[in-house]
Amino acid sequence: MDKKSQNEPFYDIMLPMSKKVLLSGIQSSGKAHIGNYFGAMKQWVDLSNDYDCYIFIADYHALHSLQNPKEMKENITNLLLDYLAVGLDPEKVTLFKQSDISEHTELCWIFDTITTMPYLMRAHAFKDAEAKNKDIVVGTFNYPLLQAADILLYSPDAVPVGADQKQHIEISRDTAEKFNRIYGDTFKIPEPLIMDKVAVVPGTDGRKMSKSYGNTILLFAEYEEIKKAVMSIVTDASGGIPKNVYAIHNLLRPASELLPIYESKTGKYKELKELLIEDLEKFIAPLRERRKEFAKDIPKALAILKAGGEKAKKVASAKMNEVREKIGVNVYYD
Ligand code: ADP
Ligand code: TRP
């Protein structure tokens, strides 16, 4: 036995190792597509054995672009069913929705008071909205700080997201560092977790797959929808490998399998698309069926969400108490 281990208390090795924490979420602003799955959701499921996972529905984030209560309710329920259908097991993962935990918006306000306007004006999403001359709501401008609050309340070790969220995570890091500088060490600095291969899943037009571009293949698409989406994939006319078709196909099969097929069928776009349709159907059909099963008992799914919210609330409110103490608003003695 070396000197170091002699000095260590025996019970150290008897203590259960606490798991690292993972947190992520998606806005409830529309239907999930395969970009959401390969860019984010799949990582959550893959990591759910190794991490203590908090996965939420960012419904207050969605509110900045969706002001229709009926649609809002439908979207929340739909995203919950999506989460369950992709394999997020409520036994292992805390599923909740942002609006159930008022600490998120409370902490966002506190971040508002330490963040400058010019800093937030550098955010991509704000600059894009500005470039389109949109009437920008304060919620769009402030979006990254609500996201910072979402993350920092749970002190996660990993935040798995697609590459488009990289800047949001950087803003969360900057905000945590700034708060810690002003008020003392409070927040853990979060790390993004972006899988290189699937960082940006291309859409049917070759741009990033996104609900806002209308170039998606839906994660729970029916066969006819898959067919329609694949047939609309833009192919280049140069006769070689159709790169948009290949890029989507490569999510489902490794290059070692796909390249020989594509090389033996150069220029045969229709055949390659038909093959992609079959492969997508094989991948999507079981997910679609699982989702239909969960949809049979919506009250049960909602009970999972509510219970998850109660658990998440405990973590968030403990952190928020610490914050209130640090900023000096906690004046009571008890
Ligand atoms: P959308 O662009 O369709 O509105 P969201 O912004 O709601 O998608 O994204 C939800 C999650 O899915 C985020 O973690 C995001 O990074 C990821 N994601 C979305 N689109 C893609 C994509 N095309 N490739 C990789 N990840 C993506
Ligand atoms: N902005 C993310 C998106 O568009 C959703 C989101 C909100 C999020 N808060 C988060 C993702 C915190 C990870 C961590 O998908």
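Which helices and strands each supply at least two residues of the lining of the largest pocket?

Modeller: This is a predicted model, in which local features need pLDDT of at least 70 and side-chain atom pairs pLDDT 80 or more, while totals for chains, interfaces and linings use all residues. Residues are numbered from 1 along each chain as written, chains are lettered from A and ligands numbered from 1 in the order written, and side-chain values use heavy atoms without hydrogens or water.

Strands S1 (20-27) and S2 (51-58) and helices H2, H7 (124-131), H8 (138-152) and H9 (166-183) each supply at least two lining residues. (Helices are DSSP runs of H or I with at least four residues, strands runs of E with at least two, numbered from the N terminus.) A pocket is an open set of points on a 1 Å grid over the protein atoms alone, where a 1.4 Å probe fits and protein lies on both sides within 12 Å along at least five of seven lines; lining residues have an atom within 4 Å of a point. The lining counts 49 residues, with Gln 27, Tyr 143, Asp 164, Gln 165 and Ser 212 closest to the centre.

Ligand 1 sits in this pocket, with more than half of its atoms within 2 Å of the grid points. Helix H2 (residues 34-47) gives the largest share of the ligand's shell, four residues. Polar contacts (N or O pairs within 3.5 Å) include one of 2.3 Å between a ligand oxygen and the side chain of Asp 164, and one of 2.8 Å between a ligand oxygen and a polar backbone atom of Lys 211.

Key
Polar contact = N/O pair within 3.5 Å; in protein donor to acceptor, adjacent residues only side chain to side chain.
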